[in-house]
Amino acid sequence: MSELVMTWLRRALWDMVPRDHRATPAELRRRQLVTAGFVVLGGIVLGLSLRIEPGSAWFYPATLGLATVWAVGAFASGPLHLGRIATGPEGVRRRPVLTPIALGLALAGVFVVGALVVREVPFLDDQVRSVVDHADQGSWPLLVLITAVNGIAEELFFRGAAYAAIPRHPVVVTTLAYAVATLATGNVMLAFAALLLGALVGLQRRASGGILAPILTHCTWSLAMLFALPALF
């Protein structure tokens, strides 16, 4: 069983499937310039959206506006790819679906356990509660929609456009860029979560060569946390 789990993890996070995603120097430079501009713009919009008072009607258009920034930046930068991973005993390459969902649930479980420790530290507890307040005072159907849409848009940009714009160490660079953009909220717990999530989905992007696995993991994790955190805080 342990060998099967290790094989499953290796295929999902480490073994790189063959791919042919070449870009000319001009195409790469264009992607880099577009990506850099939208990182700055997205960080500003993100910081403004989470500084809106909980319960304000402006929270919803602001967060959907942020998703629009990430998605437009991603598609404007150049081609995006869904990716594949090896599955089954024969190692047949398929679109990753169940594996990234399982990884998203596993990461959510780690965060739930960590939340039990975080809520005992007053400063960190306040940081998490400032985010949970938006869920407590918001419309749940809209929050679910916004959470899913933003998860998709962030992965389109950070593991799609930004990853393809970085020729060396893209997992590390995009993880740090994602954390720095999230730090624009002024919330260190969100930035810490971005580091852990970014590293996981970055490895999936590296292994699969595409954005499908990161999107599914991100959305699974963020939706699980949307429902779990209010119960813990």
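Trainee: How many residues has α8, and how far does α8 reach?
Mentor: α8 has 21 residues and spans 30 Å from first C-alpha to last, close to the 30 Å expected at 1.5 Å a residue. The expected span is 1.5 Å times one less than the number of residues. Helices here are DSSP runs of H or I, at least four residues, and strands are runs of E, at least two, numbered from the N terminus.

Trainee: Where do these numbers come from?
Mentor: This is a predicted model, where local features need pLDDT of at least 70 and side-chain atom pairs count only at pLDDT 80 or more, while totals for chains, interfaces and linings use all residues. Residues are numbered from 1 along each chain as its sequence is written, and side-chain values use heavy atoms, with hydrogens and water left out.

Trainee: What is the mean pLDDT of the chain?
Mentor: The mean is 89, and 96% of the residues reach 70 or more. pLDDT is the predictor's confidence in each residue, from 0 to 100.

Trainee: Where is confidence lowest, and where highest?
Mentor: Lowest in helix α5 (residues 122-136), at a mean of 79. Highest in helix α8 (residues 188-208), at 95.

Trainee: Back to α8. Which residue caps its N-terminal end?
Mentor: N187 does. A side-chain oxygen of N187 lies 3.0 Å from the backbone nitrogen of M189.

Trainee: And what follows α8?
Mentor: G209, with a positive phi near 80°.

Trainee: Which residue other than glycine has a positive phi?
Mentor: H169 has one, near 50°. H169 sits in the loop between α6 (140-165) and α7 (170-183).

Trainee: Is H169 buried or exposed?
Mentor: H169 counts as exposed because its relative accessibility is 54%. The cut-offs: buried is under 20% relative accessible area, exposed is over 50%, partly exposed is in between (1.4 Å probe, protein chains only).

Trainee: New topic: α9. Where does α9 bend?
Mentor: At L226, by about 30°. A proline, P230, follows within four residues. The bend is the angle between axes fitted to the seven residues ending at a position and the seven starting there.

Trainee: How many residues of α9 are buried?
Mentor: 15 of its 21, so the helix is mostly covered. C219 is in α9, and C219 counts as buried because its relative accessibility is 12%.

Trainee: What does C219 touch?
Mentor: Leaving aside neighbours within four places in sequence, C219 is in contact (heavy atoms within 4.5 Å) with A148, G151 and I152. C219 and P100 are 119 residues apart in sequence, yet 9.8 Å apart C-alpha to C-alpha.

Trainee: Which residues touch the most other members in the largest nonpolar core?
Mentor: W70, V128, F157, W221 and F233, out of 41 residues. A nonpolar core is a set of buried Ala, Val, Leu, Ile, Met, Phe, Trp, Tyr and Cys residues joined through side-chain atoms within 4.5 Å. There is also a second, separate core of seven residues, including I52, F59, L143 and L226.

Trainee: Last one: which side chain does T87 meet in a polar contact?
Mentor: The side chain of R94, at 2.8 Å. A polar contact is a pair of N or O atoms within 3.5 Å; within protein, one must be able to donate a hydrogen and the other to accept it, and residues adjacent in sequence count only if both atoms are side-chain atoms. T87 is in strand β1 (residues 85-87).
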